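Let's take a friendly walk through this structure together. Have the sequence and the 3D view at hand as you read.

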2 protein chains.
Amino acid sequence: MPLSAMREKTEAVADFLKGLANPQRLLMLCALAQGEKTVGELIAQTGIAPTSMSQHLAKLKAEGIVGVRREHRNLHYAISHAAVLEVMAVLAAHFCQASDG
Amino acid sequence: MPLSAMREKTEAVADFLKGLANPQRLLMLCALAQGEKTVGELIAQTGIAPTSMSQHLAKLKAEGIVGVRREHRNLHYAISHAAVLEVMAVLAAHFCQASDG
DNA sequence: TTGATAATTCATATTTTTATGATATTAGAA
DNA sequence: TTCTAATATCATAAAAATATGAATTATCAA
């Protein structure tokens, strides 16, 4: 499966990457990498405004990057796309090495 | 080095991902994954209009994703960021499996 | 029911990205 | 020199992403 195989999937792959390519959504995904969280927990942990959080979550959900389930009044979000943690691991290795300042 | 380390680098990581998050640039990077190419070769191989190609290359260069060298009248571009091929490999594995239609 | 909390949707202004035609630069050939 | 090819930059219009205040929906408690 060569990298060139991606040529036929550039739209889908670009949409997926657009889902990740935002500082606030990366922050959210770092939080979600620890496990499922409610919207309130995500807001508390990231400092992102509620409306903005909803929009970002909607975008991640539309892209299949996260999934939701409701429990009482709270909506619990979790990473649902297998590629997310793998991509983030590669990025962490390259952008956040121990040797970095 | 946990994924949470990325929290302090979200701007840089998001900028890097924005560099990749476009169908045309992914197409260009698929071509460049085979090795260094001139602008003309990239245009021929991808069908992207020259002006658009220049702008995309400028963006990739600004982000450190590709590098250039001049040889006579031709500019040769090549992937210069170690994370690119690793990220693309992850994406290819998830979006372009043999089992895919 | 009424009220309160959790979260989303709507409306809209701002910013960023993308596309494209016109012009400019650079290097080599004639 | 002058011409041409290769490529970039400029200008600008159109589309997409982002931020934010106001209104709405959903669930539960009193």
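This is a predicted model: local features need pLDDT of at least 70, side-chain atom pairs count only at pLDDT 80 or more; totals for chains, interfaces and linings use all residues.

## The hairpins

Start with chain A, where strand E2 (residues 66-71) and strand E3 (residues 74-79) pair in the antiparallel sense, with six bridges between them. To find your place along this pairing, look for Arg69(A), which stands opposite His76(A) in E3(A). Two residues lie between E2(A) and E3(A) in this hairpin, and His72(A) in the turn has a positive phi of about 60°.

Now turn to chain B. Here strand E2 (residues 66-71) and strand E3 (residues 74-79) are also antiparallel, paired over six bridges. Val66(B) is found opposite Ile79(B) in E3(B). The hairpin of E2(B) and E3(B) has two residues between the strands, and His72(B) takes a positive phi near 55°.

## Where chain A meets chain B

The contact draws 42 residues from chain A and 42 residues from chain B. Between the two chains, about 3,800 Å² is buried, and carbon and sulfur atoms give 80% of that area. On the chain A side, Leu3(A), Arg7(A) and Phe95(A) supply 17% of the area that chain A buries against chain B, more than any other three residues.

What about polar links across the interface of chain A and chain B? There are zero salt bridges, and two residue pairs are in polar contact. Helix H1 (10-20), helix H2 (23-32) and helix H5 (82-95) of chain A each give two or more residues to the side that touches chain B. H5(A) has the largest share of that side, with 13 residues. By class, the side of chain A that touches chain B has 29 nonpolar, seven polar and six charged residues.

## The surface near DNA strand D

Of the DNA strand D atoms within 4 Å of the protein, 66% belong to sugar or phosphate, and the rest to bases. For the phosphates, a polar side-chain atom of Gln24(A) lies 3.1 Å from a phosphate oxygen of DNA strand D. His72(A), the turn residue with the positive phi, has a side-chain N or O atom 3.5 Å from a phosphate oxygen of this strand. From chain B, a polar backbone atom of Leu75(B) is 3.2 Å from a phosphate oxygen of DNA strand D.

Notes
Residues are numbered from 1 along each chain as its sequence is written. Chains are lettered from A and ligands numbered from 1 in the order in which they are written. Side-chain values use heavy atoms; hydrogens and water are left out. Two strands pair if DSSP finds at least two bridges between them. Helices (H or I, at least four residues) and strands (E, at least two) are DSSP runs, numbered from the N terminus. Contact means heavy atoms within 4.5 Å. Buried area is the accessible area (1.4 Å probe) that two parts lose on being put together, summed over both. A salt bridge is a side-chain nitrogen of Lys or Arg within 4 Å of a carboxyl oxygen of Asp or Glu. A polar contact is a pair of N or O atoms within 3.5 Å; within protein, one must be able to donate a hydrogen and the other to accept it, and residues adjacent in sequence count only if both atoms are side-chain atoms. Ala, Val, Leu, Ile, Met, Phe, Trp, Tyr, Cys and Pro count as nonpolar, Asp, Glu, Lys and Arg as charged, and the others, Gly among them, as polar. A residue is near a molecule or strand if one of its heavy atoms lies within 4 Å of it.
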